[in-house]
Structure formats: C-alpha cells, structure tokens
Amino acid sequence: MRSNRFVAFAWATLAYNLVVVAWGAFVRASGSGAGCGSHWPLCNGQVVPRGAHTATLIEFTHRITSGIALLLVVGLVVWAWRRFPRGHPARLGAGVAMGFMISEALVGAGLVLLGLVADNSSVARAVVLGIHLVNTFFLLAFIALTAWWGSGRPRASLVEGGAVAALLLIAVIGTLVVGVAGAITALGDTLFPVASLATGVRQDFSATAHFLIRLRVLHPLLAIGLGFYLLAVAGVVRLHRPDATTRRLASLVILLFFLQLGIGTLNVVLMAPIWMQLVHLLMADVVWLTLVLLTASALAVRPATVTTPASPRPSHRQPGYEPPVVTPAAR
C-alpha cells in the first residue's frame with residue numbers, strides 16, 4: 001500500500017511539473033519574461049510585488065509554481081530514500097530528478113539575470129533556451145522513471161540491450177534535437193509574428209531575414225525525418241521485445257508522434273497562436289515521456305530463469321538398485 005501511495009505521488013508530481021512547464025511557455029509566448037525585471041529570486045526587488053502589472057503577475061505566478069515543484073521533488077527524494085533499499089532504481093531516479101530540478105532553477109535564473117527574456121533575439125538566448133528545453137525533458141523523464149521503477153519495474157541497461165539499445169538511444173537523441181529546434185522555432189514565432197502564412201514562408205527563405213526566422217523551416221523537416229525513424233524503430237522493438245507492455249508503448253509512441261505532426265501542421269497554418277503553442281509543447285512532452293518509458297521497458301533487465309535439472313533415472317548398475325517386483329496380478 002505504501003508503494004502504491006509513493007507511485008501515485010510520483011505521477012502527481014510529474015503531472016504538476018507538466019503544468020509548470022506549460023506556464024513557463026506561456027510566460028515566454030506572452031512576452032512576460034521580464035515581468036519581475038532583472039531580479040531573481042525577488043520580483044522587482046520585492047518578495048511579493050505590489051501593484052503588479054499583468055506581465056509581473058504572470059512571471060511571479062511562474063516563480064511560485066516552480067518553487068512548489070521544487071518542494072514536490074524534494075519530497076519525492078526523501079520518500080524514495082525512506083521507502084526503498086540502497087541500490088533501488090527508484091532512488092536513482094529521484095536523485096537525478098532532484099539534480100535536474102536544481103539546474104532547471106539555475107537556467108531560469110540565468111535567463112532573467114542575463115536579460116535573455118522579453119524581446120531579446122540574440123544567439124545567446126536561443127542557445128540557453130535549447131539548454132533549458134533539454135534540462136526540462138530530462139527532469140520530466142526522471143520523475144516518470146521514478147514512478148515507473150517505484151511500481152516494481154526492473155531497472156534498464158543500455159549495455160545489455162544490444163542493437164535495440166543503440167536504436168532507442170538514437171531515437172532519444174533525435175527527439176531532443178527536434179525538441180530544441182521546436183523551442184527555437186517557438187521563440188522566432190513569438191518575436192517575429194507574421195500576418196499571413198504566405199508572408200511567413202517568404203521570410204523563411206529570405207537571405208536577409210533574422211536567423212530565428214530562417215531556422216523555422218528546420219524544425220518540421222527534422223520532425224518528419226524523426227517520425228519515419230521512430231516508425232522503423234518501433235517495428236524492431238516490437239519484433240525483438242514482444243512483451244505486452246513494450247508492444248503497447250511502441251504503438252503509442254507512433255500514434256502520439258503522428259498526432260503531434262498533425263498538431264504542428266495546424267500550428268503553422270494558424271500562425272502559432274499562444275494556445276496552440278502550449279498544446280504543441282504539451283504533446284511534445286507526452287511523446288518524449290512515452291519514448292522514455294518505451295526505452296525503460298525494452299531495455300529492462302529481466303531476472304534469469306533458473307531451471308532445475310531433472311533427476312536422473314535410476315540405473316540397474318547403480319549400487320543399491322533393486323528391480324521392481326512384478327506380482328502375478330500386475331501381469
């Protein structure tokens with residue numbers, strides 16, 4: 001029962017962090033990143049800002065919700081350490097998640113303190129935003145793995161996974177690359193909105209356009225290529241890891257990814273309204289988490305099956321052997 005409560009708490013922590021991630025994207029998309037000025041962790045030099053404008057309220061709310069997320073992950077670590085023995089993978093997952101939560105806060109602070117918010121369109125902001133996306137993905141992944149391993153699933157091993165492990169590792173790296181490209185594309189959509197789809201296409205291929213605009217075409221091309229690769233990898237995984245859980249996760253990865261491609265296409269057609277950007281981001285998070293759990297399931301270390309050797313049949317040459325007595329009735 002205690003294990004069930006821990007797993008429920010871990011999944012709830014993951015769900016809450018997804019909400020925090022979406023709100024952080026709203027801060028960027030609404031141009032509210034400078035709502036607290038260049039102060040961190042204070043907001044405009046105050047613990048609780050007074051007479052705050054809308055941008056300040058949006059940014060301050062994000063900081064409050066992020067602080068609660070930090071406390072939830074601290075609780076996850078403490079509970080994992082008390083609930084599971086040394087060496088249990090749930091302990092590892094919670095500890096690594098804590099590390100990424102700390103680095104998440106530091107990256108967020110760096111964005112504010114370095115002025116990489118609001119209308120800043122520098123290369124530095126694009127780079128830090130990519131780092132922020134990768135850190136967020138790993139934070140979510142290890143919270144999910146903590147719940148996965150806490151429910152009794154075996155640990156995973158890249159070393160023992162063979163060719164399947166290599167294929168899945170490439171899929172994970174490819175998803176990270178597409179995610180970073182998507183984050184940079186979303187930044188370009190926010191800073192350089194277009195009046196029409198035709199205008200946006202012309203800007204994408206203009207040699208004089210800002211680099212954030214010219215990079216926008218890269219994201220959909222990478223996403224389509226990754227989609228075909230995931231389709232092939234899912235087929236290999238289903239063939240070589242035929243257990244029911246792995247097969248279901250492989251099918252779900254493909255379903256979700258092609259649903260995401262449809263959402264991304266709609267996002268382009270609608271010229272990236274804020275609500276659609278948030279839907280696109282949340283779906284990207286769900287695709288990523290499903291791929292992580294597929295990898296954990298496919299590369300799980302199963303205990304070796306111990307077979308008991310059959311007892312040798314007695315031989316008439318063995319000492320003490322007595323032939324069976326056959327009675328006349330048995331004949």
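Which residues do ring pairs link into a cluster?

A: The cluster that ring pairs link consists of Phe-100, Phe-137, Phe-138, Phe-142 and Trp-288. Before going through it, please keep in mind that this is a predicted model, in which local features need pLDDT of at least 70 and side-chain atom pairs count only at pLDDT 80 or more, while totals for chains, interfaces and linings use all residues. Residues are numbered from 1 along each chain as its sequence is written, and side-chain values use heavy atoms, with hydrogens and water left out.

The setting comes first. The protein chain has 10 helices and 0 strands, where helices (H or I, at least four residues) and strands (E, at least two) are DSSP runs numbered from the N terminus. Of the 331 residues in the protein chain, 43% are buried; buried means under 20% relative accessible area, exposed means over 50%, and partly exposed is in between, with a 1.4 Å probe and protein chains only. Contacts, meaning heavy atoms within 4.5 Å, are also worth a glance: among those in the protein chain with a separation of 6 or more, 76% are between residues 24 or more positions apart.

Now to the rings themselves. The structure holds 9 aromatic pairs, and rings of Phe, Tyr and Trp (its six-membered ring) pair if their centres lie within 6.5 Å, with planes under 30 degrees apart counted as stacked, over 60 as edge-to-face and the rest as tilted. One of these pairs is formed by Phe-100 and Phe-138, which is stacked because the ring centres are 5.4 Å apart and the planes are at 15 degrees. This pair links distant parts of the chain, since Phe-100 is in helix H3 (residues 89–113) and Phe-138 is in helix H4 (residues 123–150), 38 residues apart. Phe-100 is partly exposed, with a relative accessible area of 22%, and Phe-138 is partly exposed as well, at 25%.

Phe-138 also pairs with Trp-288, and that pair is edge-to-face because the centres of the two rings are 6.0 Å apart and their planes are at 90 degrees. Phe-138 lies in helix H4 and Trp-288 in helix H10 (residues 274–298), so the pair ties together parts that are 150 residues apart in sequence. Trp-288, for its part, is buried, with a relative accessible area of 1%.

A charge sits over a ring if NZ of Lys or CZ of Arg is within 6 Å of the ring centre and within 35 degrees of the ring normal. Arg-153 lies over the face of Trp-148, at 4.4 Å from the ring centre, and Arg-83 lies over the face of Phe-84, at 5.2 Å from the ring centre.

Two further details involve the loops of the chain. A cis peptide bond, with omega of about 5 degrees, joins Trp-40 and Pro-41, and Pro-41 lies in the loop between helix H1 (2–29) and helix H2 (54–83). In the loop between H3 and H4, Ala-118 has a positive phi of about 55 degrees although it is not a glycine.
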